Structure formats: C-alpha cells, structure tokens
Amino acid sequence: MPREKINELVFRAMALLNAAKGESGFDQLDEDCQNLLFHIGNRTAAGNKVIVSDLVGPEKFGSFPTVQKRLGQLADNGWLALRKDPDDGRAMVLELTPLAIRAFNRMSSTLQRFSTVLTLHPGEK
C-alpha cells in the first residue's frame with residue numbers, strides 16, 4: 001500500500017476514534033484518568049479482577065493517594081464503581097460502569113470498522 005494511502009488511513013482512524021471519544025465523553029477525562037480507565041478496561045475484558053492495590057506503585061499509576069484521587073474522579077463522574085472484594089473485605093474491586101462500557105464499545109466498533117477498511121486491500125504494498 002502506498003505511504004500516502006497509509007497516512008490517509010491513519011489520519012482517518014484517528015479522526016474516527018477521536019469522534020467516538022467525544023461522543024462518549026471520554027475525551028473530557030485527563031490523560032492519566034484515560035490511561036487508568038484503559039488499563040482497568042483491558043484487565044476486566046480479559047476476565048481479571050482489578051483491585052486498587054494492583055494499580056499502586058512507581059512502575060504503575062503512582063502512589064496510593066494519587067491513584068485513589070484519580071479513581072475517585074472516575075467514580076464521581078460515573079465511569080467506575082468501587083465495591084468491596086468478596087474474597088478480601090479490605091480490598092476494593094474496580095468495575096466499569098455502563099457509561100464506561102458504552103464508551104469502550106463505541107471506540108471498539110469504530111476500530112473494527114476501520115480494520116474492515118484495511119482488509120479490503122490485503123494485496124497492496
């Protein structure tokens with residue numbers, strides 16, 4: 001596929017994804033909250049339970065107070081629900097709300113449509 005065509009498709013994909021973010025309100029979150037929500041979404045989509053302590057640390061999302069503040073922002077704005085862990089009453093399990101699930105579904109659908117466009121030209125280099 002010619003470089004110009006690839007660039008055109010990349011810009012189109014970015015525009016579609018940004019539109020999906022805007023329609024869902026996801027673009028109103030700061031970058032740290034978006035990254036945190038993406039991480040939680042990826043983990044839960046893979047069937048993993050996510051607890052607050054999984055996110056704390058220098059190689060992760062920051063100190064406990066920093067993570068707690070961001071999670072509070074996400075919960076206050078309807079993106080996350082925090083529930084007591086049934087296996088460990090001291091831990092908090094993070095769950096995506098219907099708002100977050102709809103946003104991820106919209107972005108996923110956009111990327112799937114874009115992926116379909118790419119597969120229409122499999123032999124081009």
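Helices here are DSSP runs of H or I with at least four residues, numbered from the N terminus. I keep that in mind as I start, and I note that this is a predicted model.

**Entry 1**

I looked up Met 14 and found it in helix H1, which covers residues 3-24. Is Met 14 buried, exposed or something in between? Its relative accessible area is 46%, so I put it down as partly exposed. Met 14 also belongs to a nonpolar surface patch, together with Ile 6, Val 10 and Phe 11. I wrote down about 370 Å² for that patch.

**Entry 1: two helices crossing**

Next I turned to H2 (residues 31-45) and H3 (residues 64-76). Their axes come within 10 Å and cross at roughly 80°. Angles from 65 to 115 degrees count as roughly perpendicular, and H2 and H3 are therefore roughly perpendicular to each other. Which residues meet there? From H2 I listed Asp 32, Cys 33, Leu 36, Leu 37 and Ile 40. On the H3 side I have Arg 70, Leu 71, Gln 73 and Leu 74.

Asp 32 and Arg 70 form a salt bridge, with 3.0 Å between the closest N and O atoms. The pair links distant parts of the chain, as Asp 32 in helix H2 and Arg 70 in helix H3 are 38 residues apart. Arg 70 is buried at 18% relative accessible area, while Asp 32 is partly exposed at 38%.

How many salt bridges did I end up with? The count comes to 7.

One of them joins Asp 85 to Lys 49, at 3.1 Å from N to O. Asp 85 sits in strand E2 (residues 80-85) and Lys 49 in the loop between H2 and strand E1 (50-51), so this pair ties together parts 36 residues apart in sequence.

Glu 95 is in strand E3 (residues 88-96) and Arg 83 in strand E2, 12 residues apart. I logged Glu 95 as partly exposed at 32%, and Arg 83 as partly exposed at 44%.

Key
Residues numbered from 1 in each chain as written. Predicted model: local features only at pLDDT ≥ 70, side-chain atom pairs only at ≥ 80, totals over all residues. Heavy atoms only, no water. Patch = residues over 30% accessible without salt bridge, like charges linked within 9 Å, V, L, I, M, F, W, Y side chains within 5 Å. Areas by Shrake-Rupley, 256 points an atom, 1.4 Å probe, with all protein chains shown as cover. Salt bridge = Lys/Arg side-chain N within 4 Å of Asp/Glu carboxyl O. Buried < 20%, exposed > 50% of the residue type's maximum accessible area, 1.4 Å probe, protein only. Axes fitted to C-alpha atoms, helices over the stretch in contact; angles between N-to-C directions. Parallel < 35°, antiparallel > 145°, perpendicular 65-115°, else oblique. Contact = heavy atoms within 4.5 Å.
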